[in-house]
There are 2 protein chains.
Amino acid sequence: MTAIYLTQVLHRAVQQVPDKPATICAGRSRSFRQLAERASRVAGMLRGLDVHAGDRVAILARNSDSYVELLLGIWWVGAVAVPLNARWSVGEVAYSLADCAAAVLVVDDFLLQLVDEIRSIATHVRHVVHVGDASPAAGIIPYEPLVSSSSAITDDRRGDDELAAILYTGGTTGSPKGVMLSHANLCGGATARLAEMFSPRDTVVLLVTPLFHVSGLFRLVMQLVLGASNVIEPGFRPDAVIEAIERHGVTDIVLVPSMLQMLLEEPTFDAGRLSSLQRLSYGGSPMPPALLDRAMQALPHVGFCSSYGMTESSGVVSVLGPFTVADREAMGKRSRSVGRVGLGAELRILDAEGCDVPPGTVGEIVLRGAAVMKGYWNKPAETAAALREGWLHTGDAGWRDEEGHIYVADRLKDMVITGGENVYSAEVEAVLIAHPAVSACAVIGVPSAQWGEAVHAVVVLRPGTHADSQSLRDHCRTRLAGYKCPQTVDFVDGLPLSAAGKVLKRRLRDEHVSRATA
Amino acid sequence: MTAIYLTQVLHRAVQQVPDKPATICAGRSRSFRQLAERASRVAGMLRGLDVHAGDRVAILARNSDSYVELLLGIWWVGAVAVPLNARWSVGEVAYSLADCAAAVLVVDDFLLQLVDEIRSIATHVRHVVHVGDASPAAGIIPYEPLVSSSSAITDDRRGDDELAAILYTGGTTGSPKGVMLSHANLCGGATARLAEMFSPRDTVVLLVTPLFHVSGLFRLVMQLVLGASNVIEPGFRPDAVIEAIERHGVTDIVLVPSMLQMLLEEPTFDAGRLSSLQRLSYGGSPMPPALLDRAMQALPHVGFCSSYGMTESSGVVSVLGPFTVADREAMGKRSRSVGRVGLGAELRILDAEGCDVPPGTVGEIVLRGAAVMKGYWNKPAETAAALREGWLHTGDAGWRDEEGHIYVADRLKDMVITGGENVYSAEVEAVLIAHPAVSACAVIGVPSAQWGEAVHAVVVLRPGTHADSQSLRDHCRTRLAGYKCPQTVDFVDGLPLSAAGKVLKRRLRDEHVSRATA
């Protein structure tokens, strides 16, 4: 007798807005009626492949309308979706498939070439289904003919605390962990966010962050709960994003800071082409204030929303805004906060002993609420470490003001401890990025015989500019305490990014150590 | 490891808006910090009275700020609140107390006089606590001194599917049934409604429908989830309501149609005094179109919201609006709908065989979703009849249009079947109330040898007007099919109303039968 199930939103949309576009992708628009009809046949296809309630179905693909109907078809048949990171190595993909013992793997054209290698490792995958135009090799089932020939099945409406998805994370921290999210987690989180950032039903979102990442998946669920339209881009290309916003009258977009920067630097960027855009949400990694300034001035009609969340909290748990460039002065420092913890969640900030710290003091952010994950698949020790007495320990260092506005200082593991002082890498990065020659940067702690750790910066310069280590350190010295300033600076052509656009600091640290010991 | 708990909203409000008024009642304002502090001591008081998780604590009182802190204190200690209907007879109250085996009963001044009689029947009640100014008799514990002397206890944060409240219903249908509502039911329903009818955090609601009724309790939970202020009136007095709106800048109010009519007829009514009012929600019984017209014209600045729900669905599940008199023409017939089923719920309309009927056809409204009750306390047969395969059978006859707007035709049990034709009493009442001499009316089916049932009207005339049976039947004849027109009309001074303002049709039918057989 489930009460909360992700297909519920589809049934309601069919009753209320049957002919409204649910997905717009690659020049093809499908209504909610068509989406429901196809999802019911995808469910039939999966049942035909012997998939039953609780079985895991993995998807290794870029964003598409097929991805959306696959997710809904998986939920329709009561199975668990495992959206895999399309940028991962074969080893990481195979590890995740084996970890959750996926019965079926769905791949698109882009990733078809990896299938043989994946299959040779993940031998328990019973069926591989291919979505796309390429001709698959023998032993791989073509998707479209099978969906067309499958019959719709009845929706058993499974949900509540049953698993809806397992999202593997680990781009920045060791071996992948499967975050278990239930129907109640995803629906509860999405409804709570809608209650805070009121979205009319005529919202049109551009899904450009990957659906295999919680930011894309969560925004999709929000749109489905609302019965609103989704324009889908297979990946982030700044020119294509501008084109899609203009063509489809997109009102809402979610971007990570690195995407926002690429958008502003795109030669075809023109605020007039983005006139339909009403809200731009950002999160996933710290937003450099200089980048936010530039974006808000370039897009004065857009309401910006700063958000905070993680896979383990089913996505966003706090939102600041929307606010425009006109609102910003009155907000003062608060525009750097990630807002207040939202409906359906409780937040505390704890010291190392687990006691609450007062406003203004940095501690670990812990969370509790409807959207907090059920745990890590198959990893009881990691689950027990993350979920203690009902509280999710986020690993983020932060503080709150007297009115509950939250400021994220850093990932605890990205915090540099030098000579006994805590240095928040995000703070140093915000200063570096404000230098006119710096296009991107990352600050890490590197081993130091004298200080334990030393502050080290890795910098990408803007084309046609120049800066050396000394000039950047001088720039920092006038803006930061001495111990916070980078002792060493490396110049590189680009930073290693995760699929979600986060800098892979673990890789930077590993590279630094290898070089130092080489 | 609960994720959804009603005290969560209190902890969040203390972190974010500690000094904002949570309750304003009888000239006394208490902030969220004070409310949390008192709720934690009410919990300590209850623990001192040997109340533990899952125990039932009954409240027999009119609305007050103490009522609010009692509810939160009960949830803080993990117990179950049983708000009892303050208008019920001693027999009904004692039945409910015995049915749920309440350990503690809290009463206010107004109901103190009934305690001895109640206690003589409900002998298992361990403690009676008295809130108020009167001097209680021996054996009754005074509330305020005990709260003051009790220590705060730690919130165990119990919630999710555990019971938060048992609401006894039955004013219109046989012996009282205890509707079991969980923390997830009340929080889920409130969050979903907030997502649809965006309420800014500076909303000020006037709680005037009783907190022992789901309409009052649900609106309180919505305000708490939002961290917004509650002005509390002990009962509905039109002059006091106008005064409270003006004095406290009330923005939102929930009224049943009979209250709205009394408000408009109040001699001190003046739209200028209600200038702060932004939204007026109505529901609970059918809204006569003539009354809605009159109210919208009298309050052209107010957005009206038509809502539909019941105790078994934790309150409102669909909302139309807010819409003002200026919007109404464009809405056409739709202004008579109760909106579309909201987030977190799915609605179907079924025929007698349990099959879906097409748009435009009347059937029974069935519901499924996060806010649907867990069942009736101690009544497995009634629970099985109401909840079938996860669907709540509402007993309401209704239909939907092509875009999912819902129209409630009647309570199935209030439908009159005459000569094989279905007559919806609400339809006939809407025609009668439009007659200038009719102040209130109810249409019921009465036994008829010829037709099975005959349509019978009970009418209250406006003071100073005149109409007889024939003139009312003539009025109906020009507007309704012949078989729908009342065959007989009784004139009375007033209609029996439940505490929620609903006409007690069962009593009217019983009285008619007694008179006919006398």
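The reply below takes the backbone and then the arrangement of the copies.

Mentor: This is a predicted model, in which local features need pLDDT of at least 70, side-chain atom pairs count only at pLDDT 80 or more, and totals for chains, interfaces and linings use all residues. Residues are numbered from 1 along each chain as its sequence is written, while chains are lettered from A and ligands numbered from 1 in the order in which they are written.

Most residues other than glycine have a negative phi, and most peptide bonds are trans. Start with the peptide bonds. G321(A) and P322(A) are joined by a cis bond, with omega about 5°. P322(A) sits in strand 15 (residues 315-323) of chain A; strands are DSSP runs of E, at least two residues, and helices runs of H or I, at least four, numbered from the N terminus. In chain B, the bond from G321(B) to P322(B) is cis, with omega near 5°. P322(B) lies in strand 15 (residues 315-323) of chain B.

Now phi. R157(B) is not a glycine, yet its phi is positive, about 50°. Its place is the loop between helix 7 (143-149) and strand 8 (163-169) of chain B. N378(B), also not a glycine, has a positive phi near 65°. N378(B) belongs to the loop between strand 19 (375-376) and helix 14 (380-386) of chain B.
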